[in-house]
There are 2 protein chains.
Amino acid sequence: MASRLVEFYERIAKDLDRTMDFWLKHSHDETYGGFFNCLSKDGKVYDRLKHVWLQARQIWTYCRLYNEVDRFRRQDILEAALKGMNFLQKYAKDPQTWKCHLVLTEEGKAVKTQRSIFSECFYLMALSEMGRASGEKTYMIEALQMMEKIVHWVREDDTDLGRPAMEGAVPTSSLAVPMMLLCLIDQLESVDPTLETKYRDLTGWCLTEVKKHVQRDGTVILENVSPDGEELPGCMGRLMLPGHSIEAGWFLLQYAITKGNDDVKKMAIDKFILNPFHYGWDQTHGGLMYFLDVDNWSPTQLEWDMKLWWAHNEALIAFLMVYKETGDTKMIDIFAKIFDYSYSHFVDEENGEWYGYLNRNGEISMDFKGGPWKGCFHVPRYQMMCEKMLKELAK
Amino acid sequence: MASRLVEFYERIAKDLDRTMDFWLKHSHDETYGGFFNCLSKDGKVYDRLKHVWLQARQIWTYCRLYNEVDRFRRQDILEAALKGMNFLQKYAKDPQTWKCHLVLTEEGKAVKTQRSIFSECFYLMALSEMGRASGEKTYMIEALQMMEKIVHWVREDDTDLGRPAMEGAVPTSSLAVPMMLLCLIDQLESVDPTLETKYRDLTGWCLTEVKKHVQRDGTVILENVSPDGEELPGCMGRLMLPGHSIEAGWFLLQYAITKGNDDVKKMAIDKFILNPFHYGWDQTHGGLMYFLDVDNWSPTQLEWDMKLWWAHNEALIAFLMVYKETGDTKMIDIFAKIFDYSYSHFVDEENGEWYGYLNRNGEISMDFKGGPWKGCFHVPRYQMMCEKMLKELAK
């Protein structure tokens with residue numbers, strides 16, 4: 001396997017270069033700032049709408065690369081990120097409520113707003129990483145203010161989000177929320193480590209919330225549970241997203257490594273990474289299934305059996321992190337399995353970036369590189385994280 | 001082909017019996033009234049939520065069968081429909097605004113409301129057909145009041161729908177709206193023909209709106225156009241739904257036949273039925289594609305290349321209607337092609353009803369018979385309409 005580690009490193013580093021070439025070359029809007037995120041296989045703009053999650057994530061990616069990977073510490077990358085940040089600061093956020101929109105026109109007019117916290121979370125991540133890249137204090141100040149807002153919406157009062165109170169809506173704890181907050185805390189502390197004390201209580205709350213999703217004697221992760229950590233009725237209660245559980249797994253593992261918390265480490269590896277990989281991997285065709293029902297009813301989501309790029313990016317990060325932490329060679333074998341599937345199905349060596357959406361049997365179903373929910377984020381985050389881990393492993 | 005007409009008739013009649021057995025046996029909620037609409041392949045309830053579109057459509061189907069097909073003029077069918085109607089009248093509609101919810105709990109508590117007019121439209125259809133079945137005047141009175149509300153929301157002021165005004169949202173004329181209204185007018189006039197005068201102006205407006213969607217020298221139907229009938233930018237503007245265009249086609253053809261309007265008849269057949277069938281039929285695997293992009297960009301909807309049951313139901317109705325009207329044998333050949341595909345892929349002769357969702361290559365992707373968007377409607381409506389047309393053709 002030692003020779004494969006070298007191979008992984010070389011192919012991933014090259015793949016990162018190709019990916020960033022793709023976005024740097026095709027996505028910049030020189031007229032209004034921001035990025036075109038609907039790009040065809042070879043980088044043509046097929047829709048000029050700007051999706052806020054993806055705008056913010058592209059800024060984060062540019063700044064993180066600038067901050068952490070020597071060959072990307074380039075003025076043109078920082079400047080493109082700044083142009084994107086200016087665009088978002090000007091148009092994405094309602095200055096009164098701090099709610100952010102979901103979709104903007106190319107000029108920045110609001111097209112759609114979502115009644116959740118995720119546009120705001122990615123906006124915060126962009127601000128915070130930009131603060132680090134630019135050295136300019138105002139970004140981090142705004143990021144911390146946005147964090148107050150988000151925590152208020154999640155833990156105290158979500159009236160601002162505009163969700164109508166429905167009598168029959170079952171109170172639900174969704175895995176996405178504490179997982180996202182853990183990610184934000186990690187982001188803010190990575191810029192300012194003194195924030196640890198400030199967010200200690202919130203971190204504890206997130207961990208308690210996340211643990212509620214470990215169900216059925218620890219064998220499965222359910223996306224939605226009751227606030228008491230009980231199973232919910234119906235399809236919603238039985239829903240599993242293996243790729244999402246695995247992503248939560250490496251967030252938790254990273255936290256556990258940083259803080260030296262062995263219980264969380266064990267839970268992250270066994271419950272959030274290994275189990276979901278085993279029940280999520282398609283034994284017939286390969287690749288990770290998207291949605292599953294814990295009792296094996298047919299899921300009702302049309303995309304349940306598709307293979308999506310991001311789940312594979314997250315699984316690659318997770319298994320390399322587990323291998324690096326434990327030295328267990330079974331983990332690098334699983335990494336290799338996911339790597340081989342991904343590089344024979346998702347990767348476009350000719351044009352750069354990954355295809356995003358495969359049929360169950362591995363054929364490309366939609367061949368665009370950027371779309372309403374796919375931008376410059378999961379692929380380069382995986383590439384930069386794995387490149388770094390593999391470099392450290394080589395030492 | 002004469003022998004095939006007999007075969008079609010016999011198989012469809014038998015299929016209708018099997019379909020209705022399925023719903024009559026598995027879907028009735030004897031405790032709260034209404035119907036369980038999330039049913040597995042063999043009729044087991046896998047989610048107890050009640051989806052209002054499907055509740056209303058099941059009432060309509062029961063009543064239409066009771067009203068028009070002798071062997072279904074049964075007291076138990078009328079009573080089940082009445083129980084469903086009572087449930088909806090009690091729980092689906094906000095008594096102040098007349099907005100209807102989208103999803104209810106099994107007891108009738110509201111779970112979700114949609115900011116559009118479709119729950120209300122199907123509620124109206126149920127009321128109106130129930131009025132005819134029960135002979136009770138109050139249903140039709142409520143249906144006509146609901147019609148006033150819907151027309152007000154569509155043509156005058158949609159504030160009640162609760163859609164926020166977005167600066168960047170492009171004014172759009174969606175094919176679904178005038179098509180739905182045409183269907184409602186036909187429904188109401190089928191119960192009370194004297195309404196024709198009342199709705200003459202509205203019918204004219206619907207036809208004008210529908211015609212705007214015929215684009216590119218009459219070769220394609222676009223789902224979304226500007227209020228002036230111009231193409232819109234981006235994915236939304238390029239979107240085609242062949243099955244939906246064909247459904248609109250038979251609505252228009254039925255209208256044209258009733259009113260003796262040859263221009264509308266020609267438009268319905270050539271532009272709304274034949275063209276979309278030709279560009280929508282998958283030449284490789286058979287079946288109708290779900291979403292297409294008029295300029296052949298990759299659609300961004302995950303389900304674009306799936307084969308959905310309802311598109312095939314609508315196409316079967318459309319081509320049999322065209323054949324019956326024109327006598328053109330090419331039309332019954334197309335009907336036969338869709339029929340053969342459907343009966344070798346969608347139909348479950350063992351358990352009754354049709355599977356709803358196939359992969360592009362025709363494999364069953366999700367094997368439930370009822371789900372959040374599939375209930376007792378498209379399949380039996382196709383069966384009763386085609387059974388009737390085939391009986392008339394045999395004469």
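Predicted model: local features only at pLDDT ≥ 70, side-chain atom pairs only at ≥ 80, totals over all residues.

Chain B can be laid on chain A by a turn of 180° and a shift of 0.0 Å along the axis, with an RMSD of 0.0 Å. That is the relation of a two-fold axis.

**How the two chains meet**

- In general, two copies of a chain are related by a rotation about an axis and a shift along it.
- The copies here meet through the same surface, because 100% of the interface residues of chain B are also interface residues in chain A.
- On the chain B side, 37 residues are in contact with 38 residues of chain A.
- About 2900 Å² of area is buried between chain B and chain A, and carbon and sulfur atoms give 63% of this area.
- Which residues of chain B lose the most area to chain A? They are Tyr46(B), Met166(B) and Leu302(B), which together make up 21% of what that side buries.
- The number of salt bridges between chain B and chain A is 0.

**Two open sheets in chain B**

- Strands of a sheet pair through backbone hydrogen bonds, either parallel or antiparallel.
- One open sheet of chain B has 3 strands in the order β3-β4-β5, and their pairing is antiparallel. Its edge strands are β3 (50–51) and β5 (110–112) of chain B, and each of them pairs on one side only.
- Strand β4 of chain B (residues 103–104) is joined to β5(B) by 2 bridges. Look for Leu104(B) here: its bridge partner in β5(B) is Ala110(B).
- Another open sheet of chain B, also of 3 strands, has the order β12-β13-β14 with antiparallel pairing. At its edges stand β12 (307–308) and β14 (364–366) of chain B; each has a single partner strand, so one side of each is left without a neighbour in the sheet.
- Between β12(B) and strand β13 of chain B (residues 357–358) there are 2 bridges, and the two strands run antiparallel. Lys307(B) has Leu358(B) as its bridge partner in β13(B).

**A helix to follow from end to end**

- Helix α12 of chain B (residues 309–326) has 18 residues. From its first C-alpha to its last it reaches 26 Å, close to the 26 Å expected at 1.5 Å a residue.
- Is α12(B) mostly covered or mostly uncovered? It is mostly covered, with 15 of its 18 residues buried.
- Gly327(B) follows α12(B), and its phi is positive, near 70°.

- Gln58(A) is in helix α2 (residues 52–68) of chain A. It counts as buried because its relative accessible area is 1%, under the 20% cut-off.
- Leaving out residues up to four places away in sequence, Gln58(A) touches Trp23(A), Ser27(A), Phe35(A) and Cys376(A). Gly34(A) is 24 residues from Gln58(A) along the chain, and their C-alpha atoms are separated by 9.2 Å.
- Ala81(B) sits in helix α3 (residues 75–91) of chain B, and with a relative accessible area of 0% it is buried.
- Apart from neighbours within four places in sequence, Ala81(B) is in contact with Ile59(B), Tyr62(B), Cys63(B) and Met130(B). From Ala81(B) to Tyr66(B) it is 15 residues in sequence and 9.8 Å in space, C-alpha to C-alpha.
- Glu387(B) belongs to helix α14 (residues 378–394) of chain B, and at 5% relative accessibility it counts as buried.
- The contacts of Glu387(B), neighbours within four places in sequence set aside, are Tyr9(B), Ile12(B), Ala13(B), Leu16(B), Val69(B) and Arg71(B).

**Two loop residues with a positive phi**

- Glu353(A) is not a glycine, yet it has a positive phi of about 65°. Its place is the loop between α13 (329–345) and β13 (357–358) of chain A.
- Asp217(B), which is not a glycine either, has a positive phi of about 55°. You can find Asp217(B) in the loop between β7 (214–215) and β8 (220–221) of chain B.
- Which of these residues is buried and which is exposed? Glu353(A) is buried, with a relative accessible area of 0%, whereas Asp217(B) is exposed, with 80%.

How values were computed. Residues numbered from 1 in each chain as written. Chains lettered and ligands numbered in written order. Heavy atoms only, no water. Pairing = 2+ DSSP bridges. Helix = DSSP H or I, 4+ residues; strand = E, 2+ residues; numbered from the N terminus. Buried < 20%, exposed > 50% of the residue type's maximum accessible area, 1.4 Å probe, protein only. Contact = heavy atoms within 4.5 Å. Expected span 1.5 Å × (residues − 1). Least-squares fit on C-alpha atoms with pLDDT ≥ 70 in both. Buried area = accessible area lost by both parts, 1.4 Å probe. Salt bridge = Lys/Arg side-chain N within 4 Å of Asp/Glu carboxyl O.
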